[in-house]
Each structure stands twice: as structure tokens, then as C-alpha cells.
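This report goes through selected features of one protein model. Keep the sequence and the 3D view open while reading.

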Amino acid sequence: MKLLRFKINTPNGFRSLQKEFEIHFLKDYDYKLAHEFNPNILTGRNGSGKSNVLEALANIFYHLDCIYAENLPDDFSKKTTKEDDERSGKLKDKSYVFDNTICVVDAFELEYLIDLPATIAYKSFFEISDYPNFMMLTHIKISKEIGKQPVIEWVNIPRDNSKEIIFDKTLYRQLLPKYILGYSSGENELLSLPFFKTRFLHYDEYANKLIREAPFGYPPKSEGRLIYLDNQYSQAILLANLLMQDEKVLAPFNDEVELEDLDEFRLVICLDKSLDLHDDILRNRKITLDQLHGDEINQVQLISNLSESIEILKNCATSYNIKYVEQENSENSRSYLILDYKVTPATKEAFRFHFANDQYNKPLQLFQLFQILLELNAYVVSRTDKKRVYQSNNIFINHDIYPNPLEDDRIIRFKNLWIKKKGISKPLFTKELSDGEHQFLHSLGLCLLFKSESCLFLLDEPETHFNPDWKAKFISSIRHCFDLKNESTMREMLITTHSPYLVSDSESRYVHVFEKDSKTKVVTCKSPDFQTLGESVNNITADIFDKPNTIGNYAIERIHEFESRFDEGEEGVSLIKEINKNIGTSLEKTILINRILNKK
């Protein structure tokens, strides 16, 4: 997808952004560039509102996801039809947690382009059989008024279409980007909240199918499209990429982090967590007299809907076994599936063979298996607490209710993950990597996993722990991730940053400078009036951040001291010697010395 325009119409605005704040992305005369990858850079001073755009978009797509999803908890959303109302009357708890007429951003306009197969709107497959991959550049406009459900409009719908287009939930889901991906190098609680809610929806979808004995599907994938890739996913991201991607694709990992390969790792999967089967299943089940007194007849193993995928993990393992741990003061024992992997070319070949679905992104398929196993940790959260999360706008709710049980109770654990680095004879534990290395592997790794998908990437200051060299290379490294031949997928990326290097690596049409008026607090957003691509980082810093100095404030103070001494009559030659001894090379130093020399 490609964003075109976003406007806030809520009377009180949203966060720092006032009513009628508007930001334009791809202009109509640039639609020909829609399939090119050019990240949008949102920059400006702290508190100028740039991160609020990411937060607003995440909340809007979460709201749309909840409206058009098929798999939601029974008492999740407010019912609107007579049939639904009659059904909801049978529920014991009618305190709905989602109202499709109330959004965190309660009035807005959003426009974007998205690719759709032409078969949906215009011709049958047989009529375009010579062009089976033909896609339509579809213009979507979503608008919401206060107290009303959002309206999705297909702006450029073909008027001469030869078949009726049915606007149902299935079509509306196709009019939305396939994934909304969030990432923040810091603790941006506002950005993460709608993603945090989606994790519980993923769990509820899985659990509801499990207790009703409905298959979850294969390859396993949750319906919700929001994924927040925080630190607990870092090992899953790393493993999926290093096991499944080609060496050429992983070049930035090797070139910058000097990461050569995996050495070994262990997966620990908890086997003894179960859920109670739904009453409808138990009511219709025939059981023997011996089974009547057993607990297992009323329950189902939590991971049983992933049995096919777990068998694949066993087939790829160097060795595996089931470990039983006796519990103190209990007749029960804990059981774990222990899978050990000594990574060799044969190990990688096994993963790539067994995750060989030609219609699916193989590295992403492995990651999504890890993702579901991680999200199953939500089993520890009560239904009451989950409803609190769904209803909450409290930015600290994910601290109050965190679906991360004690280590031994987690559904999956990544253990003993060792990697090989250039110039180091022994493998390293991943925790020995620096914050910057973790951040580099994490941010580029998620790009590699979702490179072939119609995604909206929302990256909040992804480069904060990078050294200047990595900051200068970050945009080119991301471009390497998306360097796919004959790739026509549209992907959109918004990056908030304070780094002039990211601005200097972007054309001005994709740079959005945020400013907040110190008196009125009105936020404005505009493109620079100069070409930023290739511009000096010093000039960008001076223009965008109003910081003309090329050195720090303390160094400026020292130069001013020398300047004052010269103005008070101190001899120039000796003063220049002292300046050269105490002050490094800079534009400010050069200007001062030239002034002294020219006044001699």
C-alpha cells in the first residue's frame, strides 16, 4: 500500500495534533512511483507530533481490523443487527468491549493506494488469462465522523465492470493493507497499545477454535493484521532470517554486524497446558465409563492445534526429547518438548524443505509459527483482565497486565542461541551483542521477513542506538532488504527520526518536517524547500533543527572565551597557538582564526 493523505477531524485533535492537521504523502502526479520503495521520513524537534501520526494510524487500522474480522470473542463488539442482538441476548455478559462507532481517533480522513487482483472488480480470470498477475492500482478513502462507523470508499472503482462487486467483510479486508507492523527502539507506550490489544485477539482466535475443535489452519496464521515487533520477538526474527534467507539477502548482517551464521540453539515447548473444551463439544461427545472420571476428556492440549507445525520442528531438529519434571507437593509433573539444533547446511536445507509452501513467504511462515507460540503465553491472563485491555486507553495497561508467565510456564522459550562472528574463534551468546547490534538486526530483520507483503511499516526512531556510520547506512541497508527483481508489491514505511543522515538519504518529496508553534501549540508539517537527497548533514541540522553550530555547546563556549580574550586585546599569534592546542578542527574554529589573522 501507499499512503496518500491523512487528516484529523476530531474537535480536540489527537495527542499533539490539532483538528484539521493534515499530512500529504504520495501526490497524484507521482502515482507512477507507487511501486518504488521510498520510506517517508518524519522529522523535527522532540514533541513536535511526528510520532503521533504513527500512533493515529495504528489505532485506526486496529479499529478497522475489529470491525471486519471474522474471529472475535462472542462478547467483544456491540451488535448492530436484529439477529446479532437476539444472539447476544443469550450471553451472560453483555458488557461489550468494542463499539465500531467509537475510535481513539474519532474523526478522520485517510487515503491510500493498494493493489487488488483485477478479477475482483473487472474481468474474470479466464478473460485475462494472458495476464494472470494483472493488478489494479486501487484508490481507497476511509472517513469517519463522530458517532458513526468508518466508511470505506473505493474511489476509482471501474464503472464498466462486467460483474457485480459485493461489498462484504471479505472484500473490505482486501481493501486494507495485509499487515501493519510497529517497531520502536524505545518504550513508546502510545504506539504499542493497539498492537498489545491485537495480541490478545490473536490468542482468543486461537483458543476459541481450539476449544470448539476447529482447525486453526496451515500454515498457521492469525487473522489480525497488527504486529508489534518488540524485544521479545528479537530471537524469533533472527532465527527465521538466518535459517531461511539466502546469504546474499543477509549481506547487511555480515557486512555491518559481522554476523556470519548461527551455531546452535534450543527450543523448549511446554506440553502440559490445557484448555477446557466448549460445552457444546462435551454435550455431544460420547464417552466410555472409564473416561468419565478422567480430567483429560474435558480438556484439550493448548498447542494441539499446531501439531503439524511442531512435527516439522521435530523433523528439522538435530535431536529432541520430552522432559518430565516432578512438581513439589503435587501428583502432577511438568512436561516439555526439548528441541536441539546444531546448525549446519543440512539443518537449513531441512527447514527450507519442510516449510516449502510455494504460495507463501517461507521465512515469514516460520516466524509466524514462533509468533503464535509466543502469543499463547496469554493463557495466564483472565477473561476479566483481557476485557480491561480491550476497553482501555491507558498507556500503562501493558505493565499492569503483561502476558508473560514465569519462565518455566511459558509456552515457548528460545535457549542457548549461539552465533558466529567474524574474527572470533568461539561462538557468542546473542545477549553479548550490543544494543546497537540488536537494534540493527531487529529492524532490518523485520524488513526482510515482510519484504514481499503489502505492509505499512511504522518505525519509531529505529536508529537511536546506531553509531554515525550505521545511521548513514541505514536507508541504503533497508533498500537492500527490499531489492527484489520483478517485485511489484507496494510497501509503505514511515520512519520518525532526529538523524540528519536519514534525511540526507531521502528525496525531499518523502521528507516531512514537523514544527510546533511555541505559543499556539499548532503543529504544521511540510516538505523542505530544498533537495535533501545528498545535502550536507550540517545544513540539514541547521535548517530543520535550527542548530547552525557544527560542534557541541561546551566547545562553543570555549571558542567564545578565546574570542573574548582577543577582543580584550590579547596578542593573536600566541592565542592561535593556544586555540590549536585546545580546540579541534571545526568550522567555528576556522572562522575565529581567520578573524584573528585578518585583524593583525
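## Cavities

The largest cavity has a volume of about 90 Å³. The model is a predicted one, and a search of the whole structure finds five cavities of 30 Å³ or more. The lining of the largest cavity is made up of Asp65, Cys66, Ala69, Asn71, Leu72, Thr198, Leu201, His202, Glu205, Glu223 and Gly224. Helix 1 (50-68) and helix 5 (189-211) each give at least two residues to this lining. Helix 5 has the largest share, with four residues. Sorted by class, the lining of the largest cavity holds four nonpolar, four polar and three charged residues.

The second largest cavity has a volume of about 60 Å³. Its lining consists of Arg199, Phe200, Gln232, Tyr233, Leu374, Glu375, Asn377, Ala378 and Pro403. Helix 5 supplies at least two residues here, and helix 12 (362-375) also supplies at least two. By class, five residues of the lining of the second largest cavity are nonpolar, two are polar and two are charged.

## Aromatic rings

The structure holds 23 aromatic pairs. One of them is formed by Phe76 and Tyr390, with 5.0 Å from centre to centre and 90° between the planes, an edge-to-face arrangement. This pair links distant parts of the chain, 314 residues apart: Phe76 is in the loop between helix 1 and helix 2 (82-88), and Tyr390 is in helix 13 (residues 383-391). Phe76 has a relative accessible area of 1%, so this residue counts as buried. Tyr390 is also buried, at 6%.

The rings of Phe440 and Phe466 form another pair, which is tilted because the planes are at 55°; the centres are 5.7 Å apart. Phe440 is buried, with a relative accessible area of 0%. Phe466 is buried too, at 5%.

Ring pairs also join Tyr179, Tyr233, Phe367 and Phe450 into a cluster. Tyr233 from this cluster is one of the residues lining the second largest cavity. A ring can also have a charge over it: the charged end of Arg413 sits over the ring of Tyr336, 5.3 Å from the ring centre.

## The two sides of helix 20

Which residues of helix 20 (residues 572-582) are buried? They are Gly572, Leu575, Ile576 and Ile579. These residues are on the same side of helix 20, because they cover an arc of only 100° around the axis. Lys577 and Lys581, on the other side of helix 20, are exposed.

## Buried residues and their contacts across the chain

Pro150 is in the loop between strand 5 (135-144) and strand 6 (151-154). Its relative accessibility is 4%, so Pro150 counts as buried. Pro150 and Ile102 are 48 residues apart along the chain, and their C-alpha atoms are separated by 9.3 Å.

Ile495 is part of strand 17 (residues 492-497). It is buried, with a relative accessible area of 0%. Ile495 and Tyr183 are 312 residues apart in sequence, and the distance in space between their C-alpha atoms is 9.7 Å.

## Backbone details

Most residues other than glycine have a negative phi, and most peptide bonds are trans. The bond that joins Tyr218 and Pro219 is a cis peptide bond, with omega of about -5°. Pro219 is in the loop between helix 5 and strand 8 (226-228).

Where is Arg15 placed? Arg15 is in the loop between strand 1 (2-8) and strand 2 (22-24). Its phi is near 55°, a positive value in a residue other than glycine. Arg15 is partly exposed, at 42% relative accessibility.

Asp546 also has a positive phi, near 50°. This residue lies in the loop between helix 18 (537-544) and helix 19 (553-567). With a relative accessible area of 56%, Asp546 is exposed.

Technical notes
Residues are numbered from 1 along each chain as its sequence is written. This is a predicted model: local features need pLDDT of at least 70, side-chain atom pairs count only at pLDDT 80 or more; totals for chains, interfaces and linings use all residues. Side-chain values use heavy atoms; hydrogens and water are left out. Rings of Phe, Tyr and Trp (its six-membered ring) pair if their centres lie within 6.5 Å; planes under 30 degrees apart count as stacked, over 60 as edge-to-face and the rest as tilted. Buried means under 20% relative accessible area, exposed over 50%, partly exposed in between (1.4 Å probe, protein chains only). A charge sits over a ring if NZ of Lys or CZ of Arg is within 6 Å of the ring centre and within 35 degrees of the ring normal. On a 1 Å grid over the protein atoms alone, a cavity is a set of points where a 1.4 Å probe fits but cannot get out, and a pocket is an open set with protein on both sides within 12 Å along at least five of seven lines; lining residues have an atom within 4 Å of a point. Grid points are joined across faces, edges and corners, and a volume is the space filled by probe spheres set on the points. Ala, Val, Leu, Ile, Met, Phe, Trp, Tyr, Cys and Pro count as nonpolar, Asp, Glu, Lys and Arg as charged, and the others, Gly among them, as polar. The arc is that of the directions from the helix axis to the C-beta atoms.
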